[in-house]
Amino acid sequence: MMDDPAAIAARYDEVGRLLRRYEGGDDTALGRAEALLDWLAAHDPVRAENAVAVAVLRVQVGLARVRRSTEAGAADLDAVIDNARRALTAARAADPANWSAAAGLLAEALQMRYAWHGRPGDLDEAVALLRQAARAATGGNRATAVAALARCLLSGSDTSRRTDHVREAVEVLRAELDRDPPGPSRPPLLHGLGNALMRLYDRTADPGLLEQARAAYQAALEGIPPDDPRYPAALCSLGSALVRLHEHTGTLGPVESAVALYRYGLARVPTGRARRDYLDGLGYALRKRYDARGDPADLVECVDVLRQAVAGYQPDEPGQLPARRSLAQALRAAHLRTGDRRLLREAAQVSAAAARVPTAPVSEQIWALSVHGHVRAAQGRWAAATESLARAIDLMPRLASPDRLRVDRYYDLSRAAGLATSAASCALNASRPKRALELLEQGRGVQLNRRLVAHDELAPLWRSDPVLARRYLRLRAELDRPEPGGGLAGPGAPARPAWATARAAGVPAGDREAAWEELLRQIRARPGMAGFLRPASARTLLSRAGTGPVVLIVPSQYRSDALILRAGRLAVLRLPDLTERAVVDNAARLRDAAATAHDPDARARTRLAAEQAVRDILDWLWRTTVGPVLDQLGFGRVADPAEPWPRVWWCPAAPMSFFPLHAAQGSDGESALDRVVSSYIPTVTALGRVRATGSSAVRGSIAPGARAGASGPSARSCVVALSEAASGVRALPRALHEARIAAAALPGARITAATAATRDRVLEELTGCAYAHFACHAVVDPQDPAASRLILSDHRREPLTVADVSHLDLTHAQLAYLSACSTALGPPRLADEALHIAGAFLLAGFRHVIGTLWETDDDAAVRIAQGFYARLWPPGQAPPAPGNPAAPSDPMAPSGPTAPGDPSPPRGPTLGPLDPARALHHAVRALRQRYRDTPTLWAAHIHTGP
């Protein structure tokens, strides 16, 4: 006889209540739920949809057991997935109302298996299911489906760094919150929004996102009853936001509250897999509180709870890496406090185990190897430390894969900052200077080196296999195509969200990178091509440096050195007075002082103090770094003006790249400007490749018989000026005058000015030009350096960005003079990547680039340009033709109007071998002679190139 429908419905409800009690810690509830399901299967067999409901609930029971039980393994999860697939099939045929629930459960199980084993196919299937479920669901089910979709998207973003997934999660959650009234479905949406905003904060460091995340977590917590199984997760999520707030502000209150929240949450979760995540969070919060207060009890408890967290993971789970990393670092800190070397041995074991997890994402593998290397260094095992850090550096090119959004590439590369200098210092301590050189080169300029190829590398491929050479060039061009909407939101960003753009492209993730790796494998299999695009050996690097000298400045926590490459030999100069802490502090002081000195609203006394601060930094540079290096090189006296000046190429690592090494001068008057002509290079590889065959070396586009370089009266020049106040920036009254000075000295010059200076017009002018001069403003974007831009008349709508310029392929480009603010300055977190406007022109094909390290003064910029172009061509070259309107007789006097876009008469100098490094050097010295106590006027301009 059929049971009462009301009784059957009550039993279904009871199964749900038992599942919630089990999730809350009642271990007996799951067995009772399974018994009820057996009863329902026997007593409610008539309607097919009821059978589907029972099947869906069985999947829920299986998932609950796998989530909570630390004994559940891969076979248990596979069984749950099989049951979920059967339930989904049954629902599709007989019970569409339950289809969304079944799809959500299958997606959750697939997501869990992805977290355990890192199979991308599981995540892709889960995301696809949940997108479909979110579209199909109605009413309260829609909010549940959207929350599940967001969780899945964020789960993938944690391991794959898919920021497009994070943005999609933010957008779908906000859209659902806008339509969802207050009720029980709202807290999960708010909690998911907090998680998504925290991921975005991690990638952007935007404090506004952190505050939004904290507010979302707080609102979610207030909407969840304390006896709800979701309450501990809400507590701990709010705790994580407060820890980050402490890191951002330095105030103690947030981390104190975070520790309390984690403790409260853990007290409500005595067992289960979720507990290990809360233990990891508590351990991290305790470590931060220890760093702030110095209480050893915090460090002892931190180590204890992190040991518990690590013990809760299976050996191959990628999710264990953050906990292992935190434990290894806490053990190192405990060793520093106690001197107990057993703690270091344990840290080495913990970090080594993390590095062996096969399913961990590349970024986490790099972190694990880095931590392991630093632990070995703390043990004094320098060779082992070098090996671990070298393995991490070997993986770094995968962070720059073109199949990843650039914001994800930047995020992971910034997390690896300092890896190359640490590896080099460990190698030096292991008495392996050549290995130090190789690692320093391989671990810096990762994106740059992926895109540079010299003629002497490509020519053998043309001879060996022209078909492969053409395939290489085609794929290289495909990989170098600008990324549609791949950066952070900002000026010039597309209206479509980036995640939607990526999905619409229809290119499976990893396909282009896989094709690239396969092509390299085929090329390297050819006779004589085994080393194609592999990391350069020390011997090759010494050859690329030429007669030099090339000086790599390497500050690290272990030691500081100058590696000097000269005439095929490598010398190491210890710099004992140069410390990593002083480098970081003085880089910040220099940035602030340069900004203050050019702040029109600052008081005169404040600006004078800023100039004094810059003079102090130049003195520090001279005493600790530049003076000792020049003495070592034998350049210990003032150069004889009648003799050729000696050259030095500076290749500073990490934060040293923000300093004007060329302008270092002691308080006693000793100065680098009086001893050598200085140039800068991002890497030795970049210098060797632009030297190898001229501009064609930069992008690898040269084919047999192609012409390198540009010479002769047919060469063209692009000169751009923006004097008027564009929207949001002040006027540059002298910019057009500076442009006329440049046009008078450059062949075939065309001045593009005022409203004619648009992004598209300038890009068209750059195509095919040999020389370029920009006199305008620039904006550095610290969050998305590819969006840094030169300010043209339409910069609000169509900015001329680093991404635009770097994707040009200018096969005959020689010189780009960028007379704008901070064009050679990138974000500190990516100091080794040359991600700035000057670097973009180098990638575009220009052999020589003049850039600036900070904001420049309008009048000073004109004087330096005047001095530069007066000396650009060697003595004996013909001056500009008389009567040329682009060359006024008094370069500092006002000139008559030049129609925007009109070409100047092509009567520049007879072309010969230009010498921009020496020209800039003497122009800077001349301005220094006039304004010796005002270094911000003359120390910012630098030359990059051969």
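How many nonpolar, polar and charged residues form the lining of the largest cavity? The lining has 15 nonpolar, 5 polar and 2 charged residues. Here Ala, Val, Leu, Ile, Met, Phe, Trp, Tyr, Cys and Pro count as nonpolar, Asp, Glu, Lys and Arg as charged, and the others, Gly among them, as polar.

The structure is a predicted model, in which local features need pLDDT of at least 70, side-chain atom pairs count only at pLDDT 80 or more, and totals for chains, interfaces and linings use all residues. Residues are numbered from 1 along each chain as its sequence is written, and side-chain values use heavy atoms, with hydrogens and water left out.

**Cavities**

A cavity is a set of points, on a 1 Å grid over the protein atoms alone, where a 1.4 Å probe fits but cannot get out; its lining residues have an atom within 4 Å of a point. Grid points are joined across faces, edges and corners, and a volume is the space filled by probe spheres set on the points. The model holds 7 cavities of 30 Å³ or more. The table sets out two of them.

| Cavity | Volume | Residues closest to the centre |
|---|---|---|
| Largest | about 310 Å³ | Ser 657, Pro 682, Ala 824, Ala 834 and His 836 |

The largest cavity is lined by 22 residues. Helices (H or I, at least four residues) and strands (E, at least two) are DSSP runs, numbered from the N terminus.

**Asp 619**

Asp 619 belongs to helix H29 (residues 604-633). Asp 619 counts as buried because its relative accessibility is 15%, where buried means under 20% relative accessible area with a 1.4 Å probe and protein chains only. The side chain of Asp 619 reaches the backbone nitrogen of Ser 667 at 2.8 Å. Beyond its neighbours within four places in sequence, Asp 619 is in contact (heavy atoms within 4.5 Å) with Gln 665, Gly 666 and Ser 667.

**Helix H15**

Buried residues of H15 include Leu 321, Arg 324 and His 335. The helices against which the buried residues of H15 pack include H13 (273-293) and H19 (406-415). After H15 comes Gly 339, with a positive phi near 80°.

Technical notes: 1 Å grid on protein atoms, 1.4 Å probe; cavity = no way out; pocket = protein on both sides within 12 Å on 5 of 7 lines; lining within 4 Å. Buried < 20%, exposed > 50% of the residue type's maximum accessible area, 1.4 Å probe, protein only. Polar contact = N/O pair within 3.5 Å; in protein donor to acceptor, adjacent residues only side chain to side chain.
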